Amino acid sequence: MKYIVYVSQAKAPFSKLALKELLEKSRARNSNEGITGLLLYRYSDDFDKGYFIQAIEGPDDVLNALWDRISEDRRHHTIVTLAEGKQTDRMFPNWSMGFRNVEAKDLEALPGFAEIETESFWENLKANEMPEAVELLRGFY
Ligand SMILES: Cc1cc2nc3c(=O)[nH]c(=O)nc-3n(C[C@H](O)[C@H](O)[C@H](O)COP(=O)(O)O)c2cc1C
């Protein structure tokens with residue numbers, strides 16, 4: 001079993017309806033394929049931009065296929081992996097895709113993510129340099 005945690009920027013802010021559709025489709029497909037995880041969406045009023053933080057986990061081949069689809073999804077960009085690796089136990093069992101529409105104050109509890117709407121967060125981001133991201137997100141479970 002494998003997991004990936006990443007952040008990305010929405011191409012355009014997601015409406016409530018667009019988020020609902022994304023979630024419904026993702027949950028149905030993830031349940032069928034044995035994927036579990038968590039999706040956080042943060043909309044910044046200041047920048048009129050949307051940001052995603054997602055953890056996905058599942059069998060290697062299924063997870064790789066999902067990752068290919070997510071990476072090519074044109075609804076978001078600047079997709080940066082924070083952590084990835086192998087695991088034996090799921091971190092989000094029972095969550096075909098947990099979801100929270102988070103606000104700034106929710107992210108204050110997640111060191112490293114509090115600044116997600118600033119340019120410096122994205123400028124300083126380097127792939128796979130936030131292994132603690134998994135544990136932080138696990139706090140939502
Ligand atoms: C932020 C974000 C998270 C996504 N999470 C999932 C997911 O957990 N599971 C899933 O099947 N698709 C997810 N998708 C959608 C996929 O990118 C893709 O559109 C979907 O799997 C259908 O792919 P297909 O049209 O090639 O069949 C996500 C898309 C975005 C933008």
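I looked up Y51 and found it in strand β3, where strands (E, at least two residues) and helices (H or I, at least four) are DSSP runs numbered from the N terminus. This is a predicted model, in which local features need pLDDT of at least 70 and side-chain atom pairs count only at pLDDT 80 or more, while totals for chains, interfaces and linings use all residues. Residues are numbered from 1 along each chain as its sequence is written.

I noted Y51 as buried because 24 other C-beta atoms lie within 10 Å; the cut-offs are 20 or more for buried, 12 or fewer for exposed, and partly exposed in between, with C-beta atoms placed from the backbone. Leaving out residues up to four places away in sequence, I listed V7, Q9, A10, R42, I116 and E117 as touching Y51, a contact being two such C-beta atoms within 7 Å.

I then followed the pairing, which requires that DSSP finds at least two bridges between two strands. Strand β2 (residues 36-44) pairs with β3 in the antiparallel sense over nine bridges, and L40 stands opposite I53 in β3. Four residues separate β2 and β3 in their hairpin, and D48 in the turn has a positive phi of about 50 degrees. β2 also runs parallel to strand β5 (residues 98-102), with five bridges, and R42 has V102 in β5 as its bridge partner.

Last, I checked the ligand, where S26, R29, F52, R69 and D73 come nearest of the 15 residues around it, residues being counted when the C-beta atom, placed from the backbone, lies within 6 Å. α1 (16-33), β3 (49-58) and α2 (60-72) each give two or more residues to this shell, and the largest share, four residues, comes from α1.
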